[in-house]
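Student: I would like to learn how to read a few features of a model. Could we go through one together?
Tutor: Gladly; here it is.

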Amino acid sequence: MTALTMPRPGQCKWTEGDSGNYTFPCTNSNEGGSYCAYHRTIVYETPEQRKARASQTKFVPYNRRLAA
Ligand SMILES: [Zn+2]
């Protein structure tokens with residue numbers, strides 16, 4: 001059995017954890033939706049947007065792809 005702590009009504013449903021051991025660390029108001037404004041932008045991010053953001057923040061030079 002897992003002891004799930006459910007978010008309070010009106011609380012952001014952002015969770016952290018894995019293997020059935022989740023917590024609800026975000027205490028912001030969900031503002032009528034499922035998540036607060038900040039987490040909503042992350043949850044509903046498309047794979048393309050996620051990839052574009054990752055490429056902007058992390059630069060991997062191509063000359064390191066084969067080291068051996
Ligand atoms: Zn949140």
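**A loop and its residues**

Tutor: Glu31 sits in the loop between strand 2 (21-23) and helix 1 (37-43). Helices (H or I, at least four residues) and strands (E, at least two) are DSSP runs, numbered from the N terminus. This is a predicted model, where local features need pLDDT of at least 70, side-chain atom pairs count only at pLDDT 80 or more, and totals for chains, interfaces and linings use all residues. Residues are numbered from 1 along each chain as its sequence is written.

Student: Which pattern does the chain follow along the sequence?

Tutor: The order is β-β-α-α, with two helices and two strands in the chain.

Student: What is the phi of Glu31?

Tutor: Most residues other than glycine have a negative phi. Glu31 is not a glycine, yet its phi is positive, about 55°.

Student: Is Glu31 buried or exposed?

Tutor: A residue is buried if 20 or more other C-beta atoms lie within 10 Å of its own, exposed if 12 or fewer, and partly exposed in between, with C-beta atoms placed from the backbone. Glu31 counts as exposed because it has 12 C-beta neighbours inside 10 Å. Of the 68 residues of the chain, 4% count as buried.

Student: Which residues is Cys26 in contact with, leaving aside neighbours within four places in sequence?

Tutor: Two residues are in contact if their C-beta atoms, placed from the backbone, lie within 7 Å. With those neighbours left aside, Cys26 contacts Cys12, Trp14, Cys36 and His39. Cys26 also belongs to the loop between strand 2 and helix 1, and it counts as partly exposed because it has 18 C-beta neighbours inside 10 Å.
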